[in-house]
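Subject: Structure handover

Hello,

Here is the structure for you to look at.

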Amino acid sequence: MSIKDKPEARYGLWQAYQRRCAICLEDLFNYSELEIDHIIPEKTFEDNQKATEVIKKFNLPSTFDFNHLENLRPAHHKCNNEKRDTELPDEIVARLLRRAQKKIKDVRKHIRKFEEEAQYALSIEAIRKQLAEGKITAEEYTDRINNYVADFGVEEKSHTFNKKYLEYRNRTVMLEGDLPAVGESRGSCLFTFNSFYIRGTTINLGHKEILSELYPGNNTPIDFEMRRYVVAKLDENNYMVQLGNSRFNLSDEELGNLCAVIDKFIVEYIEAIRLTEEILDCREFIPNHYHPDEYHLIKVGMDVWRKILMFSREYDYENGDSDWHIFDATGNNMLKIYMKKANEDHNEGFKCIIHSFIEDHYSWTPSDKVWLLWNKSGLSKKYGPRDYWTVSNAYAWLTKELLPRVIQENNAAQTKVFLKKTQPNHIEITDYYSDGEVRYLNLNYVINSFQLITLVNEVQLFYSKNEYVCMNKSELIKLYKGILKSINSCKKLRYHYICSKLGIDQTESKEDIRSFMNHKIEDYTHLSGNSEGLVKIYSHQINDLFRVLYVNLQDMEIELDIREIKDYLVSIDWFIQDFNTTRLVECYK
């Protein structure tokens, strides 16, 4: 039997690729849809001469087996059928072969797990036979089935050498997790339980499920009812829990143990995504929905994109030695920036690959705009101005160097596509591209009143769309104090609007509003809350507070100095961090 037809190998490939189709990258949850695809088609190896050429081209060992793990990947039936014997571009094949080689260790790990579980199933059948023959009692049968692991031991965390894999465990639950990393942006986790009714049960969650099911309500008290996987409280000591497609009951203690490992894992998981973003310098950019390793840079008109491609073909690196002869014109609909020689600014090799993406195929109002996406290269593991450009490097080069140059050349040629009829000698580069929605609020950028007001408005809009927020009461007090400061500093208040948002009787007295705010601060200061000082707040209440702060800052007649701006930023710092973390999760899930 070919290895691709063996159940253990099929299962191992399916799990190692996180139950995703390696062709379309979409979920492959239905095991019956699984097919095994050859990266280099089988047909290639039917011709000995062609097989020899392929092995030489990709620098493969002479013992390379096209029917082994290094040439196999999981795929949907439909995707595999559409690919058939299609030969992919060399650079893509090389990248896929490297990825398959890296996956072999994980595949073999899951093959061993499959074989162990198969052996365990045989052992269970033997015990059932003993029960049927009356050699053991029903109680003994239950003990043998459910008590093969009595206790997972004390709670601890362990990492592998690269810190991509970690494990948390306590007496009733064990969580094993693969963290996101550069080149593998989607992690996963596996739960194993020791609770009586689900003893030995394993549940696997993928990246999307981790962010959509485990993240909401993390590190909040169970009685706040903000954890999505806690479906219902059955009685004083029992809860109904759902993870993935599995629903089961846990006692109060068991649920506490589950929440403890999840909370610790989520902190590590979010930090791993942040570390990836730090390496790629991309926290202000939105990842592509279909390919999370690619990031939206700018949106331009289709005509602008065509002119950029024409420019890159004209300045192919083989056509000259000027500072602009830096393009590899091979490939359709993409920019490939390539440096022929190292210099004081750059090392030799590829600097960036940028391609276009149309996101509104089915819009009622079709757009002639395209997104330009930063594409991660598998050729480099170093990122920065000298090596393969980060997302921020690529954005700066596009907007400050390439676009102005392309527009300038077309201006000189008097092309009507790029230029407006008025002010022909004045070029506003921002007229030719647009950025995406706000992805990250950077406090370092806020140095004047206008930028502070804009930031407050973004935070206010964010909380207008949420439900509940769990936070420390001290952070809420800081927000109230910031608003009180704005009330004291603003000479002309919008009394009707402020009173309606704060929920107080209409007044034209600033002193009445001050008194109300001071009472709220006093109430929250003495609010008992829980042992950690956490409170559960309806997000529309926060939305209204930020509305009041926004209009007060707008109505101030003086420009705030940098010290005053910092004071306001300190008062809303927690909400800004909450915005940034939530937006990160929304972008990657």
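Below are the notes on salt bridges, a charged patch and a sheet.

This is a predicted model: local features need pLDDT of at least 70, side-chain atom pairs count only at pLDDT 80 or more, and totals for chains, interfaces and linings use all residues. Numbering starts from 1 along each chain as its sequence is written, and side-chain values use heavy atoms, without hydrogens and water.

Salt bridges first. The whole structure has 21 (a side-chain nitrogen of Lys or Arg within 4 Å of a carboxyl oxygen of Asp or Glu). One of them joins Arg-19 to Glu-209, with the closest N and O atoms 3.8 Å apart. Arg-19 sits in the loop between helix H1 (7-16) and E1, and Glu-209 in helix H6 (residues 207-214), so the pair ties together parts 190 residues apart in sequence. (Helices, H or I, of at least four residues and strands, E, of at least two are DSSP runs, numbered from the N terminus.) Arg-19 is buried at 12% relative accessible area. Glu-209 is buried too, at 15%. (Buried is under 20%, exposed over 50%, partly exposed in between, with a 1.4 Å probe and protein chains only.)

Asp-321 and Lys-340 form another, at 2.7 Å between the closest N and O atoms. Asp-321 is exposed at 70%. Lys-340 is partly exposed at 29%.

Asp-37, Arg-73 and Lys-83 are linked in a salt-bridge network. Both Asp-37 and Lys-83 are buried.

Now the sheet. It is open, with 5 antiparallel strands in the order E12-E13-E14-E11-E15 (pairing takes at least two DSSP bridges). The edge strands are E12 (334-339) and E15 (433-434).

Best wishes
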